[in-house]
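Please keep the sequence and the model in view while reading.

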Amino acid sequence: MRIVKTRDYADMSRKAANIISAQIILKPDCVLGLATGSSPLGTYEQLVDWYRKGDLDFSGVTTINLDEYRGLDRKDPQSYYYFMHTNLFDRVNIDTARTNIPNGMELDEKKECDRYEKLISDLGGIDLQLLGIGHNGHIGFNEPCEIFEKETHCVNLTESTIEANQRFFETADQVPRQAYTMGIGTIMRAKKILLVASGEEKAEILKQAFYGTITPNVPASILQLHPDVTLVADKAALTGINHG
């Protein structure tokens, strides 16, 4: 595992974007695994900026998103489909036919999970997977549980995750209770993993995830077993880790 310590969120975003842009430049037809949420937002802003300056070309890139709320229409401003189009896809020259997000409106869980898992396999897997980390150690929507889920599945969101996402909705009742997410096994099959984190509130969970026991109760702890993980985090998020 490599740890890249940054000054602040903006510096974290630039350095993470550097790693992603290098992947695109070295392999223009790469498969990028993407994440949503506040952590990668600055990274996407930086990638858009470099695209506008002519430094990046997304025309050959294929993307696979980690997750999507179950039951939210793509036009819903809180859907991850909407998030990705607003913050990245509609602002660069990516072929939207090559962007992939779980279909939250497919109510047949097995059908959707099987479709998504096959899609990832047919693409030859993920070259670089971008991740954030939840306060309870979740990656994607893989919540703390008794086992590491291997493949794409439908998950019941924990109360802590629902509470964390509540700020994006008008009322708590509007927050979806389920989501489709790549499984831990699917994520671990990515050739490279890039995890971004910022803020002192992430310090304790980063310490547990990268220096604690490997346990499904801290889903991100499985990343200790991956051969190519880069953690890009600001100094506030790294206060629990003794890193120079």
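This is a predicted model: local features need pLDDT of at least 70, side-chain atom pairs count only at pLDDT 80 or more; totals for chains, interfaces and linings use all residues.

The axes of helix 1 (residues 9–26) and helix 2 (residues 41–52) come within 8 Å and cross at roughly 60°.

**Helix 1 and helix 2**

- The crossing angle is roughly 60°, and helix 1 and helix 2 are therefore oblique to each other.
- The crossing in which helix 1 passes helix 2 is right-handed.
- On the side of helix 1, the residues that meet helix 2 are Tyr-9, Ser-13, Arg-14, Ala-16, Ala-17, Asn-18, Ile-20 and Ser-21.
- Helix 2 contributes Leu-41, Gly-42, Thr-43, Gln-46, Leu-47 and Trp-50 to this contact.
- Sorted by class, the contact of helix 1 with helix 2 comprises seven nonpolar, six polar and one charged residues.

**Aromatic pairs**

- Five aromatic pairs are found in a search of the whole structure.
- In one of them, the ring centres of Tyr-69 and Phe-141 are 5.6 Å apart and the planes stand at 40°, so this pair is tilted.
- Tyr-69 belongs to strand 4 (residues 67–69), while Phe-141 is in the loop between strand 6 (128–131) and strand 7 (153–156). The pair thus links distant parts of the chain, 72 residues apart.
- Tyr-69 has a relative accessible area of 2% and is buried. Phe-141 also counts as buried, at 2% relative accessibility, because the cut-off for burial is under 20%.
- Tyr-69 pairs with Phe-169 as well: the ring centres are 6.0 Å apart and the planes are at 75°, so the pair is edge-to-face.
- Phe-169 lies in the loop between helix 5 (159–165) and strand 8 (178–181) and Tyr-69 in strand 4, so their pair ties together parts that are 100 residues apart in sequence.
- Tyr-69 and Phe-169 are both buried.
- Tyr-69, Tyr-80, Phe-141 and Phe-169 are linked into a cluster by ring pairs.

**Met-188 in helix 6**

- Met-188 is placed in helix 6 (residues 184–188).
- Apart from its neighbours within four places in sequence, Met-188 is in contact with Ile-222, Leu-223, Leu-225 and His-226.
- A distance of 9.6 Å separates the C-alpha atoms of Met-188 and Ile-126, which are 62 residues apart along the chain.

Terms used. Residues are numbered from 1 along each chain as its sequence is written. Side-chain values use heavy atoms; hydrogens and water are left out. Axes are lines fitted to C-alpha atoms, for helices over the stretch in contact, and angles run from 0 to 180 degrees between N-to-C directions. Helices (H or I, at least four residues) and strands (E, at least two) are DSSP runs, numbered from the N terminus. Angles under 35 degrees count as roughly parallel, over 145 as roughly antiparallel, 65 to 115 as roughly perpendicular and the rest as oblique. A crossing is left-handed if the near helix is turned anticlockwise from the far one by less than a right angle, and right-handed if clockwise. Contact means heavy atoms within 4.5 Å. Ala, Val, Leu, Ile, Met, Phe, Trp, Tyr, Cys and Pro count as nonpolar, Asp, Glu, Lys and Arg as charged, and the others, Gly among them, as polar. Rings of Phe, Tyr and Trp (its six-membered ring) pair if their centres lie within 6.5 Å; planes under 30 degrees apart count as stacked, over 60 as edge-to-face and the rest as tilted. Buried means under 20% relative accessible area, exposed over 50%, partly exposed in between (1.4 Å probe, protein chains only).
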